[in-house]
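Colleague: Could you take me through one part of this model, the aromatic rings? I'm new to it, so please spell out the terms as you go.

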Amino acid sequence: MGSDRTSRRALLGITALLFTASAALTISLCAPMSAMGSMPMPGGWTMSMLWMRAPGQPWAATAASFLGMWVVMMMAMMLPSLVPVLERYRRGFAAADETRLGRLIALVAVGYFLVWTLVGAAAFPVGVALAAIEMQEAALARSVPLAVGVIVLIAGAFQLTHWKARYLASCRAAPGRGCPSMGPRAAWRQGLRLGLQCSRCCAGLMATLVAIGLMDLRAMAAVAAVITAERLAPHGARVARAVGVLGVGSGLFLIGRAAGLG
């Protein structure tokens with residue numbers, strides 16, 4: 001019993017420290033991005049410098065910088081909803097000694113965040129390519145506010161689909177029994193599976209965040225709060241649907257406003 005309390009306190013303490021550090025680092029990284037300013041674009045919007053290379057900086061360094069910010073941001077956003085899942089795994093791994101227990105939980109967490117790292121690695125070249133095209137094509141740049149409205153509308157509609165409901169149910173489900181016999185390889189696979197489920201479940205919310213502004217702290221906090229509520233609230237499916245209705249309404253508003261500007 002005492003060992004169980006000790007391992008639980010260790011898990012909560014480590015994750016609380018990681019969350020605090022990642023949230024503080026995210027805020028500190030967003031501040032320089034805001035200070036750098038944004039580039040005014042045709043259509044009355046501004047492009048974040050996040051998708052641009054600093055003068056004299058190699059593209060590899062730019063990509064590494066983006067990926068570092070992305071991973072830190074994902075840790076700050078996802079840890080609140082991931083901790084209860086890791087706690088359930090901790091209880092399932094209870095037969096393991098403390099050293100092995102810590103390693104198994106760490107493997108689940110690392111596998112989970114590896115998936116989100118790969119999502120960021122895929123998003124970066126797409127964002128850079130779109131930014132380059134928008135800077136060269138004024139007509140395309142003017143359509144961005146309308147495109148943002150469409151993305152928010154589609155993301156809101158996604159929240160209302162059976163696909164969303166299925167993956168949200170998987171994310172909310174407790175890990176299966178038989179965890180005490182799980183080895184490192186199985187724990188790693190569980191982490192990857194959790195990451196894949198989570199990334200699919202959050203696809204609409206993350207698309208909205210990228211469209212609105214990836215380094216916007218208010219948008220980031222709102223999306224993180226929604227993800228946490230979907231996973232942990234007693235009626236998470238209702239939260240998802242309510243957010244979907246709000247997203248559809250916001251998307252229609254943004255589309256109407258963009259059309260009115262034209």
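Modeller: Phe66, Trp70 and Phe124 form one aromatic cluster. Before going on, note that this is a predicted model, where local features need pLDDT of at least 70, side-chain atom pairs count only at pLDDT 80 or more, and totals for chains, interfaces and linings use all residues. Residues are numbered from 1 along each chain as its sequence is written, and side-chain values use heavy atoms, leaving out hydrogens and water.

Now the pairs: the structure holds four of them. Rings of Phe, Tyr and Trp (its six-membered ring) pair if their centres lie within 6.5 Å; planes under 30 degrees apart count as stacked, over 60 as edge-to-face and the rest as tilted. The ring centres of Phe66 and Phe124 are 4.9 Å apart with planes at 35 degrees, so that pair is tilted. It links distant parts of the chain, since Phe66 sits in helix H2 (residues 59–92) and Phe124 in helix H3 (residues 98–136), 58 residues apart. Helices here are DSSP runs (H or I, at least four residues), numbered from the N terminus.

Phe66 counts as buried because its relative accessibility is 3%, and Phe124 counts as buried at 9%. Buried means under 20% relative accessible area, with a 1.4 Å probe and protein chains only.

Then there are Tyr112 and Phe113: their ring centres are 5.0 Å apart and their planes at 90 degrees, so this pair is edge-to-face. Both Tyr112 and Phe113 are buried.

How values were computed. Helix = DSSP H or I, 4+ residues; strand = E, 2+ residues; numbered from the N terminus. Buried < 20%, exposed > 50% of the residue type's maximum accessible area, 1.4 Å probe, protein only.
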